[in-house]
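This briefing looks at aromatic contacts and at open space in one model. Please keep the sequence and the 3D view at hand while reading.

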Amino acid sequence: MNTPATPVREHLLHDELRAIQERRIRVMLLAIGAMLVAISAGWCIFFMRLGYWVLVSFDLLILSVGLAVIYLVRHDRPRAATFVLLPVLFVNLVVMAAVFDIPTAEVPRSAHIFLLSLAIGAYMLLQNEHPWLRHSVPLVCLLSFLVLASSPHGIETSYAMPDSVRANGTWINNTLALFSMAVLLVIMQADVTLRTTLETDLQKALLEQQFLLHYQPQVDQEGRVIGAEALVRWQHPVRGMVPPSAFIPLAEQTGQILPLGLWVLETACQQIVRWSAHPLTAHLTLSVNVSAHQFRQADFVEQVLATLRRTGIDARRLKLELTESMLVNDVGDLIAKMEALKGHGVGFSLDDFGTGYSSLNYLKRLPLDQLKIDQSFVRDVLTDPHGAAIARTVIALGQSLELKVIAEGVETEEQRAFLSQGGCHAFQGYLFSRPLAGIDFDALVTATGFIVPTAPTAPAGNAAAPAVPADAPHLGAAPSQV
């Protein structure tokens, strides 16, 4: 096992890759907003002098959009700025090219050239959105450009600009469009370089064993430690401690989640072996998150069973956490694999329940042991009636299905009391402890001073859940006590 590192800060580091991308998106939006304000203001003054009031109104609309984008970004709402910018700018460009900028034999059309910049910008601005949106919006921009560039026609109206006006506009539009495309391509290349660097670092981290596990305690209603959740961390030689949100998505995309997942499972089982040798920790269960990509592997069950045989742990101490997104594809295969592992004593918890693809039909079929109330609901139980109602519903549902329920993200005593009154009797969150390195977790449990009899062991095939000793170690009720 890797040498334990200093515990992560109480507030985890942000996703480095996404943070850098978001900073670039903010800068890009501010630059686009400022450019729209400057260009539209200039054209607005120009058309006012010529008396083209319809075009003045169009430029005023673009100016207001530019100001709105700047305002939203400055108020930390870049996503809203994106969804204001893209549709308005697209419609404006298409209308401008089809109605006002009709090509002639002397002067070609030029307004449509900005659709190329818009396609590149849309792809970058929507990179964290659903794939269909990220790809469809740029595609629509490119198809619109193709139609307008290939057709000499437009919508004949009395508002078409004369060639004397359009001639200067053609040079201005083409120059600005090429400049904006060059800037966007530079930003895109920087993102590609960053991604390549992180992929290389991730491969190196697997080879050099730069990963380690941290453990966040799980406690019962009385504060007794009943287990922990294993959370992988990346001890980067330059960036320091990197949280999973910074590399797990990249590992999923590149397929490196498979060797990483096997390492996490192996290391977690080794931790269970160490805990089983000490009376204060022998009763603990350890939850391990499993990705959908891992679970879909044909030999996943055999990989888990081989790890259990190799480490010799009591399988009842291991709990695999699944997410609702895994219920979308081939539920039959999922259930078959769960039942195979459950037959050897492995437990299952459904993580983030209620946030995505909830289905009572699936829920009653899955051989689960536990439901986990998502922290987004826990955070709002005292302030949002809907969040409170969802939390109570999950608790009641778990009780009706004879499933244990645990709430994650518990940060205040008031939240814990609300959940406890509703029937939830297991908790995880900063109220009790942040995720800790192995040595710090052991020190926390040992520091309670309570002696816990070693929990009786059972054959791996016995799926009955071990009882928690009545005098199991307690955690303090405030982070300052950790």
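Phe 46 counts as partly exposed because its relative accessibility is 34%, where buried means under 20% relative accessible area, exposed over 50% and partly exposed in between, with a 1.4 Å probe and protein chains only. The model is predicted, so local features need pLDDT of at least 70 and side-chain atom pairs count only at pLDDT 80 or more, while totals for chains, interfaces and linings use all residues. Residues are numbered from 1 along each chain as its sequence is written, and side-chain values use heavy atoms, with hydrogens and water left out.

**Aromatic contacts**

- Phe 47 is buried, with a relative accessible area of 4%.
- The structure holds 14 aromatic pairs, a pair being rings of Phe, Tyr or Trp (its six-membered ring) with centres within 6.5 Å, stacked if the planes are under 30 degrees apart, edge-to-face if over 60 and tilted for the rest.
- Phe 46 and Phe 47 form an edge-to-face pair, because their ring centres are 5.4 Å apart and their planes stand at 70°.
- Phe 427 and Phe 432 are stacked, because their planes lie at 25° with ring centres 6.3 Å apart, and both residues are buried.
- One aromatic cluster is formed by Trp 43, Phe 46, Phe 47 and Tyr 52.

**Largest pocket**

- The lining of the largest pocket divides into 22 nonpolar, 16 polar and 12 charged residues, with Ala, Val, Leu, Ile, Met, Phe, Trp, Tyr, Cys and Pro counted as nonpolar, Asp, Glu, Lys and Arg as charged, and the others, Gly among them, as polar.
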